[in-house]
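Visitor: Could we go through this structure together? I would like to begin with the ligand and then turn to the aromatic rings.

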Amino acid sequence: MKFFLDTANIEEIRQSVSLGLVDGITTNPSLVAKEGRDLEEVAKEICDLVDGPVSLEVVSTSAPEIIEEARRLAKIHKNVVVKIPMIREGLKALHVVAQEGIRVNVTLIFSANQALLAAKNGAVIVSPFVGRLDDISSSGMELISDIIQIYNNYQFKTEVLVASIRSPIHVLEAAKIGAHIATLPSKVLEQLLKHPLTDIGLEKFLADWEKQNQLVHS
Ligand code: E4P
């Protein structure tokens, strides 16, 4: 399973990259706006830090404008994957830019049928939002499972990127289903490596070691 980091914050990216676990980055307009910086400038810095796909999202909503914006974003760096929202105009634009070789991540996916259409039109990645579905008492993981089944049925190469992850349980369930990618807030990435019994176990090992050393040297 590939791990992407879901942030546009350079310091967070730098810290998580040092763990050696980051395969790519996803951003969205809200995450970039939070940084209060120019998208292109941030994007270039991210691409210098991470050797993997970096999703940058368009903010246009008509097909001709999405196409133009997608072409512009794709030119920023070879690692850029253009994020296009799952709307009618987005699907039209996807059909055009995918044929030009621009890699597209179709975002704001909330149904398996939307994922099917995105794959048919050439998306390399789809982003179903599990947390936001759970928030409205719908099952985010059931959606992931349905999409994986459909893609397997028709041998689509499109990767399923589990987005809107809120907890380690989301990561565990997505991995059990066989989702290709999970995009994580850095807080969840940190939570994945922790277990209280690991901390208690290490504390005991080091205390026993110290006690024995004191006996030997006394
Ligand atoms: C990533 O591609 C998505 O934009 C992001 O995971 C959405 O997460 P949220 O629902 O916590 O905003």
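Predicted model: local features only at pLDDT ≥ 70, side-chain atom pairs only at ≥ 80, totals over all residues.

Visitor: Which residues surround the ligand?

Guide: Asp-6, Thr-26, Asn-28, Lys-83, Phe-129, Arg-132, Ala-163, Ser-164 and Arg-166 surround the ligand, each having a heavy atom within 4 Å of it.

Visitor: How far is the polar side-chain atom of Asn-28 from an oxygen atom of the ligand?

Guide: The distance is 2.8 Å for Asn-28; for a polar side-chain atom of Asp-6 it is 2.6 Å. An N or O atom in the side chain of Ser-164 lies 2.7 Å from a ligand oxygen. A polar contact is a pair of N or O atoms within 3.5 Å.

Visitor: How much of the ligand does the protein bury?

Guide: The protein buries 84% of the 340 Å² that the ligand exposes when taken alone, by the Shrake-Rupley method with a 1.4 Å probe.

Visitor: Now the rings: how many aromatic pairs are there?

Guide: There are three aromatic pairs; rings pair if their centres lie within 6.5 Å.

Visitor: Why is the pair of Tyr-151 and Phe-156 called edge-to-face?

Guide: Their planes stand at 65°, with centres 5.5 Å apart, so the pair is edge-to-face (planes over 60 degrees apart; under 30 is stacked and the rest tilted). Tyr-154 and Phe-156 form a tilted pair, at 6.4 Å and 55°.

Technical notes: Residues numbered from 1 in each chain as written. Heavy atoms only, no water. Polar contact = N/O pair within 3.5 Å; in protein donor to acceptor, adjacent residues only side chain to side chain. Phe/Tyr/Trp six-rings, centres within 6.5 Å; stacked < 30°, edge-to-face > 60°.
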